[in-house]
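Subject: Handing over the structure

Hi there,

As promised, I am passing the structure on to you.

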Amino acid sequence: MDNPVIGFIGGGNMAASLIGGLIADGVPPSRLWVAEPDATRRKGLEARFGVQAREDNRAVAEVADVLVLAVKPQVIREVARALAPIVQARRPLVISIAAGVRERDLERWMGKVPLVRAMPNTPALVQSGATALHANPYVDEDQRAMAESILRAVGITLWVEEEAQMDAVTALSGSGPAYFFLVMEAMQEAGHELGLPLETARILTLQTALGAARMALESEEDVALLRRRVTSPGGTTEQALRVLEEGGIRTLFKKALKAAYERSRALAQQLGDT
Ligand SMILES: NC(=O)c1ccc[n+]([C@@H]2O[C@H](COP(=O)([O-])OP(=O)(O)OC[C@H]3O[C@@H](n4cnc5c(N)ncnc54)[C@H](OP(=O)(O)O)[C@@H]3O)[C@@H](O)[C@H]2O)c1
């Protein structure tokens, strides 16, 4: 479909990032609609992006070829139920970015419509997100490509085979930015304790994290090999890594991700049943 109308239900942080990314990718603002209850935010979105902003969700659902549900998980049931008649009549591609909300619940609330569940992460707010996608059986190839191109506006996208894998995605990339923030926090504190000014320790930590991630992304090689390459026998890195391994860092990460995974499953259950 050429130039589809993309409608957002909820004009908060994630919707604004997607809208900004899509406009930067060349999508005309006139094709972007957003429903947002807060009048100040509506005016802000119109002024910043030149999009069509409306108070009523139905006004956006009435024109959208792709409908992105970008409200908080706690309100999505009510929002989806209210839009069900329009969605069933018009059958747009529905994309839900609500964390932890399962396809079977969305289908129960809206009907068996083409639906893509997307799990982005917070760096999407700075166009560096990692988004996992899963499509229900009513989504065709064109709609898959469409969903991918919309989420690619805020970072990279990957499809998962089974929707159940979304709990692992949540544990890895969904919660993952916080794990790296914790590591960075610990490194800057340690650097400061070794005598560096806090600001120097902070900048060196952040740039090192960025540099390491870029090297790993741009290299053809596995991170384990990159790590071995920078670890000379008898050197400083080897000493630090020995301490981290002896402290059980790998086991700790496995336990941490397992805990996040279990929590994701429990929350999905609650969001669907309540
Ligand atoms: N931010 C992230 O990094 C991130 C990562 C992964 C997934 N997500 C998912 O993305 C979704 C949006 O998150 P966000 O961070 O963008 O949240 P947000 O900034 O709170 O945006 C949600 C927006 O929806 C509006 N809203 C509330 N009730 C509504 C209704 N009944 N109809 C239409 N709009 C309504 C809110 O307005 P009011 O403020 O006036 O209530 C708010 O502007 C969530 O489901 C979240 O799970 C976010």
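Predicted model: local features only at pLDDT ≥ 70, side-chain atom pairs only at ≥ 80, totals over all residues.

**The chain as a whole**

The protein chain has twelve helices and eight strands. Its C-alpha trace spans about 70 × 40 × 35 Å along the principal axes. There are 274 residues, and 40% of them count as buried. If you take the contacts between residues at least 6 apart in sequence, 62% join residues that are at least 24 apart.

As for charge, I count 31 positive and 34 negative side chains, with the centres of the two sets 4 Å apart.

**The ligand**

The ligand is surrounded by 22 residues, and the closest are Asn13, Met14, Glu36, Arg41 and Val71. For three of these residues I have a polar contact to hand over:

- Arg41 has an N or O atom in its side chain 2.2 Å from an oxygen atom of the ligand.
- Val71 has a polar backbone atom 2.5 Å from an oxygen atom of the ligand.
- Met14 has a polar backbone atom 2.7 Å from an oxygen atom of the ligand.

How much of the ligand does the protein bury? Taken alone, the ligand exposes 890 Å², and 78% of that is buried by the protein.

**From Met14 to Pro120**

Met14 also turns up among the neighbours of Pro120, which touches Met14, Ile97, Ala130 and Thr131 once residues up to four places away in sequence are set aside. Pro120 sits in the loop between β6 and β7. Is this proline buried or exposed? Pro120 has a relative accessible area of 9%, so it is buried. For a sense of distance across the model, Pro120 and Glu246 are 126 residues apart in sequence and 34 Å apart in space, C-alpha to C-alpha.

The loop between β6 (115-119) and β7 also holds Gln127. Although Gln127 is not a glycine, its phi is positive, at about 55°. Gln127 is partly exposed, with a relative accessible area of 40%.

His134 is found in strand β7, which covers residues 129-135. Why does His134 count as buried? Its relative accessible area is 11%, and the cut-off for buried is under 20%. A polar atom of the His134 side chain lies 3.2 Å from the backbone oxygen of Glu161. Leaving out residues up to four places away in sequence, the residues that His134 touches include Glu103, Leu115, Trp159, Glu161, Glu162 and Met166.

Glu162, one of those neighbours, is found in the loop between β8 (155-159) and α7 (166-174). With 49% relative accessibility, Glu162 counts as partly exposed. Glu162 and Leu217 are 55 residues apart in sequence and 25 Å apart in space, C-alpha to C-alpha.

Gln143 lies in helix α6, residues 141-151. At 17% relative accessibility Gln143 counts as buried. Not counting residues up to four places away in sequence, Gln143 touches Leu93, Pro114 and Tyr138.

Where does Arg91 lie? Arg91 is in the loop between α4 (73-90) and β5 (93-96). Arg91 has a positive phi of about 45° although it is not a glycine. Its relative accessible area is 41%, so Arg91 is partly exposed.

Finally, Asp25 is found in the loop between α1 (13-24) and β2 (32-35). Asp25 is exposed, with a relative accessible area of 54%. Asp25 and Ile150 are 125 residues apart in sequence, yet 9.5 Å apart in space, C-alpha to C-alpha.

That is what I have for now. Happy viewing!

Best wishes

Methods
Residues numbered from 1 in each chain as written. Heavy atoms only, no water. Helix = DSSP H or I, 4+ residues; strand = E, 2+ residues; numbered from the N terminus. Buried < 20%, exposed > 50% of the residue type's maximum accessible area, 1.4 Å probe, protein only. Contact = heavy atoms within 4.5 Å. Lys, Arg positive; Asp, Glu negative; His and termini not counted. Charge placed at Lys NZ, Arg CZ, Asp CG, Glu CD. Polar contact = N/O pair within 3.5 Å; in protein donor to acceptor, adjacent residues only side chain to side chain. Near = heavy atom within 4 Å. Areas by Shrake-Rupley, 256 points an atom, 1.4 Å probe, with all protein chains shown as cover.
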